[in-house]
Amino acid sequence: MTELRMNDGTMPRMADLLPRAESPIVPKHSIAGRALIAVVAIMTFLASLTTGGVILVRSAAIAWQSEVAREITIQIRPDAARDIEAEVQRAGEVARNWQGVGEVRPYTKEESARLLEPWLGSGLSLADLPVPRIIVVRLASGVSVDLPALRRSLTDQVAGASLDDHRAWTERMGTMANVSVLAGIGILVLVLAATVLSVAFATRGAMAANRPIVEVLHFIGARGGYIASQFQRHFLMLGLQGGLIGGGLAMVVFALAGIAADLGRGTTGGDQLAVLFGRFSLGVTGYLAILAQIVLIAAVTALTSRHTVDRTLQTVD
Amino acid sequence: MVRFENVGLRYGLGPEVLRDLSFQIEPHTFQFLTGPSGAGKTSLLRLLFLSMRPTRGLISVFDSDTATLSKDDLSMLRRRIGIVFQDFRLLDHMTTYENVALPFRVMGRDEASYRNEVMELLHWVGLGERIGALPPVLSGGEKQRAAIARAVIARPQLLLADEPTGNVDPNLAQRLLRLFIELNKSGTSVVIATHDIGLMDQYDARRLVLHEGRLHVYD
């Protein structure tokens with residue numbers, strides 16, 4: 001059997017003799033590639049947090065508005081000449097029998113008095129004070145209620161009654177909510193723009209290390225489209241890796257925050273959060289938006305690499 | 001095969017580095033391209049290799065006017081030309097085998113269809129034992145032979161070599177020259193850019209001498 005020897009007489013290493021699995025045209029593992037994954041992951045995480053935040057604020061704003069809009073208040077002004085208890089009962093009946101009204105809850109005299117405690121303090125005798133009485137009316141969801149007609153009916157049948165549909169408050173809430181959502185969208189646009197720019201520049205940086213490969217492929221007769229597609233595929237995978245790490249982490253953060261909010265129900269802080277953000281859940285739309293962002297950022301990475309290859313080929317020729 | 005007519009080249013607004021070049025390279029011929037440093041050898045090689053367009057004049061390669069060809073057409077022409085760079089330009093993440101097989105790979109050929117061909121050539125250039133080695137662990141001579149193997153694997157009609165013996169000892173230089181002569185005998189036209197007089201004296205071939213941007217041909 002013939003013994004295989006190197007030119008210098010030494011035995012060849014097995015690793016030198018056995019062809020390995022075909023290497024990719026663009027090296028898979030490089031420092032520039034790893035740095036790009038890190039940049040993409042960080043920027044996707046920040047953009048996903050912003051997106052999730054905007055979605056939470058928007059859904060909370062809608063919830064606040066609908067909660068306030070679904071509740072109206074009937075106020076019965078006290079008058080020594082009239083029996084206020086009878087008027088409360090009468091107004092309650094009018095409201096209860098009105099189409100679209102879900103729940104009617106008249107506040108007792110004690111309950112009405114307690115509403116004044118924050119201003120007057122406790123322990124005071126309010127028996128002689130002309131404290132108005134309140135009836136909270138919850139409207140049934142999904143049914144439109146003719147509030148002007150209800151107002152007229154109440155004032156016709158109960159002398160001291162007035163109806164407050166919180167219109168001014170609802171409008172202010174609406175304006176505030178819209179401003180919050182618009183500000184959130186503005187921040188989101190800026191964060192997305194910063195993400196796209198930083199990912200594009202990081203991709204160009206990573207591509208600089210691959211310039212010799214582009215040149216060699218070009219010189220051995222590879223078409224521009226072939227070279228560009230090799231890099232585009234490679235950088236798409238890098239972008240997806242980074243995007244999935246960053247976006248996935250953001251999804252985990254939101255999921256954990258949702259679980260923590262659910263567990264915190266009943267505590268003061270938890271209830272306050274629930275009032276502000278509802279269930280603190282992104283919902284399917286939120287998670288889909290984060291997934292769309294991951295795809296967008298990966299596409300930016302891939303397209304930037306293609307553009308850089310095209311530019312490199314222009315300078316080589 | 002290659003025809004230059006009144007070709008001139010300048011970089012940007014600078015002076016012309018190549019002036020009024022008119023010559024032909026016929027099939028199956030062997031020529032040295034020489035001249036002092038800075039005479040424009042590399043620029044002329046780049047024009048021959050279609051990686052640069054002249055400022056003026058006509059370059060016809062394989063009967064095609066290069067000025068009228070699209071980028072993809074130029075890529076197809078480039079596949080018929082092999083080039084050996086002075087600095088080898090091997091891809092460090094690929095094995096010797098993969099580097100040599102790269103021209104076939106970019107053509108979209110299946111690995112099984114060229115495996116034997118590549119292995120045979122690697123043995124012929126003395127790299128049969130180094131097929132799985134990566135370029136960083138190859139010696140200068142091994143890199144040079146791998147670069148030559150990559151340039152000739154697709155059986156180009158024209159082989160261009162830029163200072164192919166610049167980084168090797170005289171012994172290896174002689175072996176490489178023999179390799180080029182063998183390639184020429186098998187039908188490839190060869191242009192070797194060198195300023196090594198000793199190398200040129202070893203083989204009686206046509207000389208293209210560049211001096212101050214002008215070309216003098218000694219048949």
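This is a predicted model: local features need pLDDT of at least 70, side-chain atom pairs count only at pLDDT 80 or more; totals for chains, interfaces and linings use all residues.
1. In chain A, β2 and β3 (residues 133–139) run antiparallel to each other and are joined by five bridges. If you want one bridge to look up, find Pro106(A), whose partner in β3(A) is Ile135(A).

2. Now widen the view to the sheet around that pair. Four strands of chain A make an open, antiparallel sheet in the order β2-β3-β1-β4. At its edges are β2 (101–106) and β4 (161–164), each pairing on one side only. From one strand to the next, the twist averages 20°. As background, strands of a sheet pair through backbone hydrogen bonds.

3. Which helix lies across β1 and β4 of chain A? Look for α6 (residues 147–157), which runs at about 165° to β4(A).

4. Helix α7 of chain A (residues 167–208) has 42 residues, so at 1.5 Å a residue it should span 62 Å; its end C-alpha atoms are 61 Å apart, in agreement with that. Buried residues in α7(A) include Val191(A), Thr195(A), Val199(A) and Ala202(A).

5. The largest nonpolar core has 107 residues, and those touching the most other members are Val100(B), Leu122(B), Ala149(B) and Leu160(B). Its largest share, eleven residues, comes from helix α2 (residues 31–69) of chain A. Apart from this core lies another, of 14 residues, with Ile76(A), Val88(A), Ala91(A) and Leu163(A) among them.

6. Finally, some totals for chain A. Its secondary structure comes to eleven helices and four strands, and 29% of its 317 residues count as buried.

Methods:
Residues are numbered from 1 along each chain as its sequence is written. Chains are lettered from A and ligands numbered from 1 in the order in which they are written. A nonpolar core is a set of buried Ala, Val, Leu, Ile, Met, Phe, Trp, Tyr and Cys residues joined through C-beta atoms within 7 Å. A residue is buried if 20 or more other C-beta atoms lie within 10 Å of its own, exposed if 12 or fewer, and partly exposed in between; C-beta atoms are placed from the backbone. Helices (H or I, at least four residues) and strands (E, at least two) are DSSP runs, numbered from the N terminus. The expected span of a helix is 1.5 Å times one less than its number of residues. Two strands pair if DSSP finds at least two bridges between them. Axes are lines fitted to C-alpha atoms, for helices over the stretch in contact, and angles run from 0 to 180 degrees between N-to-C directions. Two residues are in contact if their C-beta atoms, placed from the backbone, lie within 7 Å.
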